Amino acid sequence: MALGHTRLDVRRHQQQHASSSSCCSAPGVAAFVGLCLVAVWMASSALVTPADFSPFQAPLWRRAAAPAEANAPPAAVREEETAADDQEPPVADRQQAGSTEKAKGADEQQSAAEKPEEKPDEKPKVKKVEAEVFPDAKDAELLNQTAAEPGSWRTQAAESNKETNERTNPSSTVPAASHSWKLCDVDAGADYIPCLDNVEAIRKLRSDKHYEHRERHCPEEAPTCLVPLPSGYRSPIRWPESRDQIWYSNVPHTKLVEYKGHQNWVNVSGEHLVFPGGGTQFKRGALHYIDFIQEAKKDVAWGKRTRVVLDVGCGVASFGGYLFDRDVLTMSFAPKDEHEAQVQFALERGIPAISAVMGTKRLPFPGGVFDAVHCARCRVPWHIEGGKLLLELNRLLRPGGYFVWSATPVYQKLPEDVEIWEAMSVLTRSMCWNLVNKVKDRVNRVGAAIFQKPMDNRCYDRRSAANPPLCGESDNPDAAWNVSLQSCMHRLPRDPTMRGLRWPEEWPLRVERPPYWLKSSETGVYGKPAPEDFQADYEHWKRVISNSYMEGLGIDWSSVRNVMDMKAVYGGFAAALRNMKVWVMNVVPIDSPDTLPIIYERGLFGLYHDWCESFSTYPRSYDLVHANHLFSKIKKRCQLLGVIVEVDRIVRPEGRLIVRDDMETIREVESIVKSLHWEVRLSYSQENEGLLFVQKTMWRPNTSSS
């Protein structure tokens, strides 16, 4: 049903006046004059067109009006508007079909005629909203990241083994207006992930012994074709109902039903796929299993001491989905393999997950950031090849963190299980992991072993044999992007001011306060002392989200669950959303300052990524994507067209994109998304800074690429 919200483009001030003079009818002008709450605003507002998207319920005009008068300060709105909202329907709703439905237009005019006329000599009160959209003058450095001292922050690109020189001078972008959009003609169809479905590259692999065929192999050029929708695709079921059931037509795969239905993973029920909350190791339900782990080791303390968890080989991610009930955030991952669409099921349910595999490369996370790591029959051979894969978990696990292993070698006595348990016991002792409990769950008839990583180096120093060896001083445990696995362990911090020596504060205190290891003597990303930088970023995003994003953009937040921040910095955007029923995937680009450890220290999560490549997720994964001064930087390395096509791939139909950038980049992005038939909901500018808010439609081209 059309809700008719307005589209504002206050950038094109002169074009607006020209448009308004040519397309406003006499009855329309009369109606506007009669509306005391919007007449002055409309005098310099943007082109007004009806919109046809049900997820928008709040008006766009409250926080993004043009100047009320020629001499008024920029970006001002009337104070009376807030009170008016409580008295009558939003203006945008009352204008929802003025240009298409005459009957409704007549009703609106009649309503307008009943309003008292505004006196000509009365000037509306105004208030500035710059701080609600852009930083205050005192925090203007938040608009860029060039203030920090050169070399004061490492980047993943500097640590990576990957050659990036070929991306320093991208070829010119094909203008969006001249681009002929076509559907991707690939075997993966509606589930296409370019870097995981590169059939040509996979065929050239010399071996797949270490799951090389499940790792990332990106095309040389980013695809510019569009991924089709599954037949019968519909708006996803909303959280929390989505945890229990999703539309079958959105993820039309049944192999897991055949393989795992008896273990209560997933079943088909009419037009739904139903998730009973079970798993291979918790057929009786994830919550019982979660409490079983808590009872086995009280110090796990879900949602207090243990806030951020890595779930290896997650299946449909029911473990992580039910940990939300314990205030725990879980990064779940599994490969795109014969367990068809398991990660796609998780994302459709509203549960965080990525497609990844433990193969030959490090996972895209910094070292020592996860409070706990979980593996329930995750099919990873931890004990082979000197424990190389378990040593990768050791890199990721916070000092003092727990590894929860629930698998048949823990509780069964078959010869193979006994052999694996003995090998794991030897390996974990040599890694100085302490087996704190080994217990059996009589309800699910499974067992779990809980190991703890040491807090200091004393055990390392006492080992009679340095096997596995300690990593060299030059091996940075935070270097993760395209870095090969290493069969070694990193020394733990000794300096009391270093990250990892102390456990973070309990949640939720940790999200509010700068980490203890952020020193005032160090320069932050924006140029202030690091703790002040952290706090300024957080306060800025709290203001923006509270004053602008919550109401001013007209987002129906009940339809938003999966959120991505494409350039996260300190994680302030995600932190400001922490009381919402959403989760945020914080992405730190590989050429940006490496702030991802700070994000994890806050009890949030994320990963490293190169936005010149596709993201390791299925199409239609996210409800809202946020890009703050990313595109102007990334287009210096690769074509912006390919990056926006990737955004189109990962955003759900009816999903949203918020872009904050310089005006040149805003115009480029707006041109591309318009050619993709996205709806422009808001375009706003202040000097050379712009904000663009757009929504994806169900549109797909009719032809396929060859």
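Tutor: We start with the rule itself: a disulfide is called wherever a pair of cysteine sulfur atoms lies within 2.5 Å. Please keep in mind that this is a predicted model, in which local features need pLDDT of at least 70, side-chain atom pairs count only at pLDDT 80 or more, and totals for chains, interfaces and linings use all residues. Residues are numbered from 1 along each chain as its sequence is written, and side-chain values use heavy atoms, with hydrogens and water left out.

Student: What makes Cys-612 and Cys-638 a disulfide, and is the link left-handed or right-handed?

Tutor: Their sulfur atoms are 2.2 Å apart, and the rule asks for a pair within 2.5 Å, so the pair counts as a disulfide. With -85° about the S-S bond, the link of Cys-612 and Cys-638 is left-handed.

Student: Which parts of the chain does the pair of Cys-612 and Cys-638 tie together?

Tutor: Cys-612 lies in the loop between β16 (606-609) and β17 (622-628), and Cys-638 in the loop between α22 (631-634) and α23 (640-650), so the pair ties together parts that are 26 residues apart in sequence. The helices (H or I, at least four residues) and strands (E, at least two) are DSSP runs, numbered from the N terminus.

Student: Why is Cys-612 called buried?

Tutor: Buried means under 20% relative accessible area, exposed means over 50%, and partly exposed is in between (1.4 Å probe, protein chains only). Cys-612 has a relative accessible area of 10%, so Cys-612 is buried. Cys-638 is likewise buried, with a value of 10%.

Student: Why is the disulfide of Cys-184 and Cys-225 called right-handed?

Tutor: The torsion about the S-S bond of Cys-184 and Cys-225 is about 95°, so the disulfide is right-handed. Cys-184 lies in the loop between α8 (156-159) and α9 (199-203) and Cys-225 in the loop between α9 and β4 (245-247), so this pair ties together parts that are 41 residues apart in sequence. Both Cys-184 and Cys-225 are buried.

Student: How many disulfides does the rule give?

Tutor: The count comes to six disulfides.

Student: Why does Lys-283 count as partly exposed?

Tutor: Lys-283 has 36% relative accessibility, so Lys-283 counts as partly exposed. Lys-283 is found in the loop between β6 (272-274) and α11 (286-296).
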